Amino acid sequence: MIRCGLIGYGYWGPNIARNIQANDDLELAAVCDKSEKNLARAGKAYPEARLTKDAEMVLQAPDIDAVAIVTPVWTHYHLAKAALLNNKHIFVEKPFTATSDQAKELVDLAESRGLIIMVDHTFLFTGAVRKIKSLVDDDTLGKLYYYDSTRVNLGLFQHDVNVLWDLAPHDLSIIDYLIGKKPDAIVATGQSHLSDLANVAYLTLYYPEKVIAHVCVNWLSPVKLRSTLIGGERRMLVWNDLEADEKIRIYDKGVTMTTGEGMYEALVSYRSGDMWSPKIEATEALKLELGYFAQSINSGTAPFNDGKAGLRIVEMLEAAELSLGKVGEPVLL
């Protein structure tokens, strides 16, 4: 049994706690939060867990094997480093750290001590993304052309990070998982209307072999949208994460261009075939993710959403932040 401590029981922490306790290989041993109200909620839900306001009690407890860190991003590095120095595996909310230097240090520290880092890129464990990954891997879509995502809603405004750092990690982790390559360059534009932090941003990533990805993130949208288009040489895909039933629709559509002898002899032919919606597994993503965390610890095998994956996302966010500050100037990676 892997005994876990949870630091942070605010918005996302209760979901982590519930799935830790529901897993046969994990046990929620302690919950830490600065809020008496949050601790009272945790105590009512998990009466056998120790409650504390002092994170050091969780980080240094000899009977705790792993620590879940569900706190503001500026706290991740110090809490994660302390946990690793106390020989504890860590599960860290996205984004992994506030800087790539911090992420690199944590990755090296974990490797030197044989410890597991898992970054909570929850969307990678949803039925939709797992299905899309299988469609990419088995070449159903063919050579990828583009990934185009809209992730917008009204709020929740953050006080310590802009909309890029808040919402873009979801799509960046998905893109990294699907494409499996590092982008050549990143361009970001955006604007801040209500504070110094950008609340609307547009992010473009240029990959090898002419693959392009575009992400729109927005805290000021009148409606909530979670839609993604993925275009391939053979087929195209629409993913609407707010759709109750047919979250993914695959279109057997495409374009073929042939060139004749003269410059005006280019022939374009369009293919329009069937549309179908594959069955999507309905298992809760966090349940699968925390089960995978336990499996990784027990086997000693690094997960695919490990510290190195978290580092890649932070590097992309840093590049996007730099481009944003230079009004869309491309940043090479």
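Visitor: How many aromatic pairs does the count come to?
Guide: Seven aromatic pairs, in what is a predicted model.

Visitor: Take F157 and W219. How far apart are the ring centres, and how is the pair classed?
Guide: The centres of the F157 and W219 rings are 5.1 Å apart. Their planes are at 50°, so the pair is tilted.

Visitor: Where do F157 and W219 sit in the chain?
Guide: In two loops, in distant parts of the chain. F157 is in the loop between β7 (144-154) and α7 (163-179). W219 is in the loop between β10 (212-218) and β11 (220-232). The two are 62 residues apart.

Visitor: Is W219 buried or exposed?
Guide: W219 is buried, with a relative accessible area of 1%.

Visitor: And what about F157, what is its relative accessible area?
Guide: It is 34% for F157. That makes F157 partly exposed, because the value falls between the 20% and 50% cut-offs.

Visitor: Which residues do ring pairs link into a cluster?
Guide: F125, Y177, Y292 and F304.

Visitor: Which charged end sits over the ring of Y177?
Guide: That of K133, 4.8 Å from the ring centre. There is also R151, whose charged end sits over the ring of F123. Here the distance to the ring centre is 4.7 Å.

Visitor: How many residues line the largest pocket, and which lie nearest its centre?
Guide: The lining has 37 residues. Y11, E93, K94, D166 and H170 lie nearest the centre.

Visitor: How do the lining residues of the largest pocket divide?
Guide: Into 15 nonpolar, 11 polar and 11 charged.

Visitor: And the second largest pocket, how much space lies there?
Guide: About 340 Å³. Its lining has 17 residues, with I7, K34, T71, T75 and L79 nearest the centre.

Visitor: What does I16 touch, leaving out residues up to four places away in sequence?
Guide: L6, A68, V70, F91, D120, L286 and L290.

Visitor: How far is I16 from H193?
Guide: Their C-alpha atoms are separated by 33 Å. Along the chain, I16 and H193 are 177 residues apart.

Visitor: Last one, T204. Which strand is it in?
Guide: T204 is in strand β9 (residues 200-206).

Visitor: Why does T204 count as buried?
Guide: Because its relative accessibility is 13%, and buried means under 20%.

Visitor: What does T204 touch, again not counting residues up to four places away?
Guide: A185, I186, V187, I212, A213 and H214.

Definitions and conventions:
Residues numbered from 1 in each chain as written. Predicted model: local features only at pLDDT ≥ 70, side-chain atom pairs only at ≥ 80, totals over all residues. Heavy atoms only, no water. Contact = heavy atoms within 4.5 Å. Helix = DSSP H or I, 4+ residues; strand = E, 2+ residues; numbered from the N terminus. Buried < 20%, exposed > 50% of the residue type's maximum accessible area, 1.4 Å probe, protein only. Phe/Tyr/Trp six-rings, centres within 6.5 Å; stacked < 30°, edge-to-face > 60°. Lys NZ or Arg CZ within 6 Å of the ring centre and 35° of its normal. 1 Å grid on protein atoms, 1.4 Å probe; cavity = no way out; pocket = protein on both sides within 12 Å on 5 of 7 lines; lining within 4 Å. Nonpolar A, V, L, I, M, F, W, Y, C, P; charged D, E, K, R; others polar. Points joined across faces, edges and corners; volume = space filled by probe spheres on them.
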